[in-house]
Structure formats: structure tokens, C-alpha cells
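I opened this one to see what ties the chain together. My notes follow in the order I looked things up.

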Amino acid sequence: QVQLVESGGGLVQAGGSLRLSCAASGRAFSSYAMGWFRQAPGKEREFVATISWSGEGTRYADSVKGRFIIFRDNAKNTVYLQMNSLKPEDTAIYYCARGTTSWATTGLTSYNYWGQGTQVTVSS
């Protein structure tokens, strides 16, 4: 049974940083792309970042490019999202997800396992 558990969310002032973690159950973890998505109140869930199974391929939403970094440690079955220069508009519930393939993809429907989410709140 594949399970994803996010942690690291919290309240931070604008300009601050947070690091989110997502621990996976481990089965074939290193063979699949992983992604981060977020959902703000009243908004649709949107793509944030993704990373290929090898960790060498990454993609970011334009809104976070240059501020966020996704990376993974396959030995620990964990994917991370380093969030820097946070803005109030980054406030959302952040979800990690495992993709259906080994490649970095951006489509929400390309992910078949999801965590429960962790709240990130950025104050002005």
C-alpha cells in the first residue's frame, strides 16, 4: 500500500522560508516522478513543481520558479520542497503526489497517489 505523508507546513512571514517533506511508503519510490501541488481557499488545485525518478529532471510553475526548489532522497523515500522568498499568495494547502511514470510531468491527472496535505500560511 503506497502512502504519502507531508510535513513541514506552518505560519511564516513574507520573505521567509519553509521546507516541506513528503515521506513515501517506499515501494518503487525511486522509479516514479514526484510532484507538489497546492490549493488555496476557493481555488483549484494547481501544479507547483515536479521531479523525475532520477532527480535530474525538474519543472516548476512560473509563479514559483527561482524561489522554490524540489529535490528527493530516494534512499529515504522522501521528496522535499524548499520554499524561499515566500509571498502571501503562496498561502495554500500543499500536497505531494506520486506520478504514474518515471518522468517529470505537470498534469494533475498524471499522479495517482496523494498525501493528505500540509497547510502553509504566509503573512504580510
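**Entry 1: the salt bridges**

I started with Glu46, which is partly exposed because its relative accessible area is 37%. For these labels I use under 20% relative accessible area for buried, over 50% for exposed and partly exposed in between, with a 1.4 Å probe and protein chains only. Before going on, I noted that this is a predicted model, where local features need pLDDT of at least 70, side-chain atom pairs count only at pLDDT 80 or more, and totals for chains, interfaces and linings use all residues. I also noted that residues are numbered from 1 along each chain as its sequence is written, and that side-chain values use heavy atoms, with hydrogens and water left out.

Which side chain meets Glu46 in a salt bridge? I found Arg38 there, at 2.7 Å from N to O. A salt bridge here is a side-chain nitrogen of Lys or Arg within 4 Å of a carboxyl oxygen of Asp or Glu. As a reminder to myself, side chains of opposite charge can pair when their charged atoms come close.

Is Asp90 buried or exposed? It is buried, at a relative accessible area of 0%. Asp90 also meets the side chain of Arg67 in a salt bridge, 2.8 Å from N to O. Arg67 is in the loop between β6 (58-60) and β7 (68-73) and Asp90 in the loop between β8 and β9, so this pair ties together parts 23 residues apart in sequence. Arg67 is buried too, with 11% relative accessible area.

How many salt bridges does a search of the whole structure find? I got three. Arg38, Glu46, Arg67 and Asp90 are linked in a network of them.

**Entry 2: the disulfide**

Next I looked for disulfides, meaning pairs of cysteine sulfur atoms within 2.5 Å. The structure holds one. Cys22 is joined to Cys96, with 1.9 Å from S to S. The two come from distant parts of the chain, Cys22 from strand β3 (residues 18-24) and Cys96 from strand β9 (residues 92-99), 74 residues apart. The link is right-handed, with 50 degrees about the S-S bond. Both cysteines are buried.

**Entry 3: Thr78**

Cys22 turned up again when I checked Thr78. Leaving aside neighbours within four places in sequence, Thr78 is in contact (heavy atoms within 4.5 Å) with Ser21, Cys22, Ala23, Phe29, Arg72 and Asp73. Thr78 lies in strand β8 (residues 78-83) and counts as buried at 9% relative accessibility. The Thr78 side chain reaches the backbone oxygen of Lys76 at 2.9 Å.

**Entry 4: Ile70**

Last, I looked up Ile70, in strand β7. Ile70 counts as buried because its relative accessibility is 3%. Not counting residues up to four places away in sequence, Ile70 touches several others, including Met34, Trp36, Tyr60, Val79 and Leu81. I also took the C-alpha separation of Ile70 and Ala97, which is 13 Å for residues 27 apart along the chain.

Definitions and conventions. Helices (H or I, at least four residues) and strands (E, at least two) are DSSP runs, numbered from the N terminus. A polar contact is a pair of N or O atoms within 3.5 Å; within protein, one must be able to donate a hydrogen and the other to accept it, and residues adjacent in sequence count only if both atoms are side-chain atoms.
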